[in-house]
Amino acid sequence: MPPLEFQSSATPPSAGLPELGPAPNGVSVLVDPRLTECRSAIQLVYVELGTAHVWIAAGVVLAWYLLFTFIAIYVLKLMPMITFGVIEHQTTGEQLKETVRNIWTNVGLVGALLLTITAPVLMNDDIAEVTTELPILGTLCMGFAATLECVVHLVFSEALNHVGVLRYLAANFGAIGGPVISMSFATFNLCISVILWCMIKVGLPCTMLIGVIFVYHAVILIGNFNNGSKFTPNRHDKDAWMWLWAEADPEIAPRKLTNAKVLFCSKRQHRVLHARLMDAKTAHTALMKFEQEPNFSNPSSQQGREDGACVPSA
């Protein structure tokens, strides 16, 4: 029986299978059409350089980020202000670890929620616009930063006692203020993205309406932050006037001599708030007297003031 001879590519393919090409030994290779479809689906990945307006938009976002960071950290010094504000408001050192743990947990959760909002938006081609994607990308990055900062601080402070946590905050003055600033920047970028999206999809009237609402709430937020940063539980501090009006007897003290905040508070609300403050002060004074007894098992917690301010140990 003569040996079989395999023809080269001159032999037509059989059974409708396309010819991929001659093999090194001259034998024609027949392949499955599905393999050729898979091969044709593989394409090279090209990096799109983008147009000029894309680079300009990216530069604007980067410049805004650097400007915001410089003003928040080096001009206004918000990071140490927030961190040491929490330390100042803490009445007892034993509760400081639980306080900062709750702050880091809550900020990290909000950052994770922002990630679940912004990540699908960037991957959705139907609503993707370069103008709106860049601020959302800033939101995504700052949300990642806030969440990871909180995770790092939780890990390194978990094994510390309340004294160690206080030293940790002194060594890392941005441990609380840093994640809060990152979350503020992420939320602001998200608001900018919404405004730009409305400008592109809806029109100028709706954009102006939403912009005015955002500016109004931004002013309120800045006022709340200012009041929170100035608050002090020490009645002898110069900023104690913010709450001293509530401890004044509403039946005796003339309303015109109290703080302007009383204008938003009715006489009945003033009376209820005054009663609750007096009850809280009485309970706090009784607790301090109980802890200062000679046979009390925890003499290290005898420090404290009637008004709730923290008294550092010598």
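What percentage of the 314 residues in the protein chain is made up of buried residues? In this predicted model, buried residues account for 26% of the chain. The accessible surface of the protein chain comes to about 21000 Å², and carbon and sulfur atoms contribute 68% of that surface.

The secondary structure of the protein chain consists of 10 helices and two strands. Read from the N terminus, the order of these elements is β-β-α-α-α-α-α-α-α-α-α-α. Contacts were also considered by separation along the sequence. Of those between residues at least 6 apart in sequence, 57% join residues at least 24 apart.

Helix α4 covers residues 96–123 and contains 28 residues. At 1.5 Å a residue, this helix should span 40 Å. The C-alpha atoms at its ends lie 41 Å apart, which agrees with that expectation. The buried residues of α4 are Leu-96, Lys-97, Val-100, Trp-104, Val-107, Gly-108, Gly-111, Leu-114, Leu-115 and Thr-118.

The confidence of the prediction was examined along the chain. The average pLDDT of the protein chain is 75, and 70% of the residues score at least 70. Where pLDDT is low, predicted coordinates should not be read in detail.

Conventions. Residues numbered from 1 in each chain as written. Predicted model: local features only at pLDDT ≥ 70, side-chain atom pairs only at ≥ 80, totals over all residues. Heavy atoms only, no water. Helix = DSSP H or I, 4+ residues; strand = E, 2+ residues; numbered from the N terminus. Expected span 1.5 Å × (residues − 1). Buried < 20%, exposed > 50% of the residue type's maximum accessible area, 1.4 Å probe, protein only. Contact = heavy atoms within 4.5 Å. Areas by Shrake-Rupley, 256 points an atom, 1.4 Å probe, with all protein chains shown as cover. pLDDT = per-residue confidence, 0-100.
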